[in-house]
Amino acid sequence: MRFTSEQRLDDGVVEREFTLGEIPGTLWTPGSAGASGAAPDPLILMAHNNGLPKADPRLVARARYTAARGYAVATIDAAGCGDRPRSAADEQVRADLRRAMQAGEPVDEIFESFIGPLVEKAVPEWRTTLDALLSLPGIGGPVGYSGGWTALGIRLVVAEPRIAAAGFFAGGYVPRALREEARRVTVPLLFLLQWDDEGNPRQRALDLFDAFGSEEKTLHANPGGHTGTPWFELEDGCRFLDRHLK
């Protein structure tokens, strides 16, 4: 892991850009991270939804808030996301998706062919990044996952025993196979649902919540569309992380 920039932000959080092979990422840590004698900070993996850049303003705001609460927070641009190159096949699928959405046509089968391969590529990169982050001074377990990319989160939580708690957002398409795999998610879970999300049927999100195998799982539902999640859910999410990671 090679750090390419570092700046201390006005809230005291330290933001560092890094590269790990071909993987670009950002790490936010509390201002006291790594101080002599201080306990290691718990680590939060904060994944954005497929295709968005790691510099997405909503993700950055969540990351900074969470880091200020005493966590190390990291995100990466997975293959095909952000500024990373996309294959011709990826670009064609995205074009097909845009055309279908503009025409009001069904898009589930396009998502099925698109999201699954993205997850398959992303999980190994996230696990490699996790290995590198946990080797840094001042960062330790336990590890949490928090992000809008629920399809990735399901596979990553199932594959990665170091993740002890997870927060998912019911705002993105989850392929059918991963909905079945959700039964193998057993860590404490906080699931956010926008009741009037334009592109995500409410009942499908409720069925997914029901499928999770966690003994402790909590559903927070709020009225409004896809981007209308209330700010107080970020505070509640940090309290959830505090219960399970500190």
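So, the buried residues of helix 4: in this predicted model they are Thr150, Ala151, Leu152, Gly153, Ile154, Arg155, Leu156 and Val157. Helix 4 runs over residues 150-159, and with eight of its 10 residues buried, it's largely enclosed by the rest of the structure.

The largest nonpolar core has 56 residues, and Ile154 is in the group that touches the most other members, along with Leu43, Leu45, Tyr145, Trp149, Phe168 and Phe212. And which helix gives this core its largest share? That's helix 3, residues 108-134, with 12 residues. There's also another core, lying apart from that one, with 18 residues, including Ala63, Tyr71, Phe169 and Leu245.

Let's take Leu45 as an example. Skipping anything within four places in sequence, Leu45 is in contact with Ala74, Trp126, Leu130, Leu133, Val143, Gly144, Tyr145, Ser146, Leu156 and Ile163. You'll remember Leu156 from the buried list for helix 4.

Okay, last stop: helix 1, residues 57-68, and helix 7, residues 232-245. Their axes come within 11 Å and cross at roughly 45°. That angle is why we call helix 1 oblique to helix 7. As for handedness, the crossing is right-handed.

Who's meeting whom there? On the helix 1 side we have Ala61, Arg62, Tyr65 and Thr66, and they meet Leu234, Glu235, Cys238 and Leu241 of helix 7. By type, the residues of that contact come out as five nonpolar, one polar and two charged.

That's my tour, thanks.

Conventions: Residues are numbered from 1 along each chain as its sequence is written. This is a predicted model: local features need pLDDT of at least 70, side-chain atom pairs count only at pLDDT 80 or more; totals for chains, interfaces and linings use all residues. Side-chain values use heavy atoms; hydrogens and water are left out. A nonpolar core is a set of buried Ala, Val, Leu, Ile, Met, Phe, Trp, Tyr and Cys residues joined through side-chain atoms within 4.5 Å. Buried means under 20% relative accessible area, exposed over 50%, partly exposed in between (1.4 Å probe, protein chains only). Helices (H or I, at least four residues) and strands (E, at least two) are DSSP runs, numbered from the N terminus. Contact means heavy atoms within 4.5 Å. Axes are lines fitted to C-alpha atoms, for helices over the stretch in contact, and angles run from 0 to 180 degrees between N-to-C directions. Angles under 35 degrees count as roughly parallel, over 145 as roughly antiparallel, 65 to 115 as roughly perpendicular and the rest as oblique. A crossing is left-handed if the near helix is turned anticlockwise from the far one by less than a right angle, and right-handed if clockwise. Ala, Val, Leu, Ile, Met, Phe, Trp, Tyr, Cys and Pro count as nonpolar, Asp, Glu, Lys and Arg as charged, and the others, Gly among them, as polar.
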